[in-house]
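Subject: Structure handover and notes

Hello,

Here is the structure for your files, with sequence and coordinates together. My notes on it come after the model.

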Amino acid sequence: MRRPFKAGAPVKEGPRANRDIRVPRVQLIDADGKNHGDVSIQDALQRAEEAGLDLVEISPNATPPVVKILDLGKLKYANQKKAAEARKHQKVIEIKEIKMRPNIDIHDYEVKMRAVRRFFEEGDKVKLTLRFRGREMAHMELGMQLLNKVREEVAPIAKVEAEPKLEGRQMMMVLAPK
């Protein structure tokens, strides 16, 4: 007869603390940062209790594991703050799309190029899409010339991430800021 699958104990987030530390001897650092060397776990727990703080495992892979007497709540709060700060400072890179036609007018081209430069300054990638209609399909070289012109203009500030390729009636190229 098979036994039903039993999940183990739920895994806690963060470092092990107090009675969760299951090793006979540890290297103890007190609340002031003074190293007490190799002590028994009972002695370390007793000292933490006397100080009114928690015994927290700092370096579990060391032999013996390094534990420190500190306030676990404050440690968790500090870690949450650090993680929130890191999330706040990370930038999500977006892909902005600029659509053109192969026989685009000079002024329209300049307006689109200003937008492309602005996107690069903001740190975003740019996907240039060239749309061919009707008989324009017979003149693919015009589209290729236009994309090469764009590539040369933005060469100092951007690099080509995806070479120009034809998909149906569209030619696409992806540029990324340097």
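Predicted model: local features only at pLDDT ≥ 70, side-chain atom pairs only at ≥ 80, totals over all residues.

Residues are numbered from 1 along each chain as its sequence is written, and side-chain values use heavy atoms, with hydrogens and water left out.

Helices (H or I, at least four residues) and strands (E, at least two) are DSSP runs, numbered from the N terminus. Two strands are called paired if DSSP finds at least two bridges between them. Contact means heavy atoms within 4.5 Å. Buried is under 20% relative accessible area, exposed is over 50%, and partly exposed is in between (1.4 Å probe, protein chains only). Axes are lines fitted to C-alpha atoms, for helices over the stretch in contact, and angles run from 0 to 180 degrees between N-to-C directions.

Sheet β2-β1-β4-β3

This open sheet has 4 strands in the order β2-β1-β4-β3, and the pairing is mixed. β2 (35-40) and β3 (54-59) are at the edges with a single partner strand each, so one side of each has no neighbour in the sheet. On average, neighbouring strands here are turned by 35° against each other, direction ignored. β3 and β4 (residues 66-70) run antiparallel and are joined by 5 bridges. Valine 56 is opposite lysine 68 in β4.

Helix α1 (residues 41-51) packs on this sheet and touches β1 (25-29), β2, β3 and β4, with its direction at about 125° to that of β2. Glutamine 46 is located in α1 and is partly exposed, at a relative accessible area of 48%.

Arginine 87 belongs to helix α2 (residues 72-89). With 55% relative accessibility, arginine 87 counts as exposed. Arginine 87 and isoleucine 104 are 17 residues apart in sequence, and their C-alpha atoms are 41 Å apart in space.

Sheet β5-β6-β8-β7

The order β5-β6-β8-β7 describes an open sheet of 4 strands, with mixed pairing. β5 and β7 are its edge strands, each pairing on one side only. Neighbouring strands of this sheet are turned by 20° against each other on average, direction ignored.

β8 pairs antiparallel with β6 over 6 bridges and antiparallel with β7 over 7 bridges. Leucine 128 has methionine 173 in β8 as its bridge partner, threonine 129 is opposite methionine 172, and alanine 162 is opposite valine 174. The hairpin of β7 and β8 has 2 residues between the strands, and glycine 168 there takes a positive phi near 65°. Of the 8 residues of β8, 6 are buried.

Helices on this sheet

α3 packs on the sheet through β5, β6, β7 and β8, and its direction makes about 170° with that of β5. α4 lies across β5, β6, β7 and β8 and runs at about 5° to β8.

α4 has 14 residues and reaches 20 Å from first to last C-alpha, close to the 20 Å expected at 1.5 Å a residue; the expected span is 1.5 Å times one less than the number of residues. Its buried residues are Gly143, Leu146, Leu147 and Val150. Down the helix axis these fall within an arc of 95°, so they line one face of α4; the arc is that of the directions from the helix axis to the C-beta atoms. The buried residues of α4 pack against β5, α3, β6, β7 (158-167) and β8.

Cores

A nonpolar core is a set of buried Ala, Val, Leu, Ile, Met, Phe, Trp, Tyr and Cys residues joined through side-chain atoms within 4.5 Å. The largest has 21 residues, and Ile98, Met100 and Leu128 have the most contacts inside it. Two or more residues each come from β5 (95-100), α3 (106-121), β6 (125-131), α4 (140-153) and β8 (170-177). The largest share, 6 residues, is from α3. Another core lies apart from this one, with 11 residues that include Val26, Leu28, Ala44 and Ile69.

Not counting residues up to four places away in sequence, isoleucine 98 touches Lys112, Ala115, Val116, Phe119, Val126, Lys127, Leu128 and Thr129.

Regards
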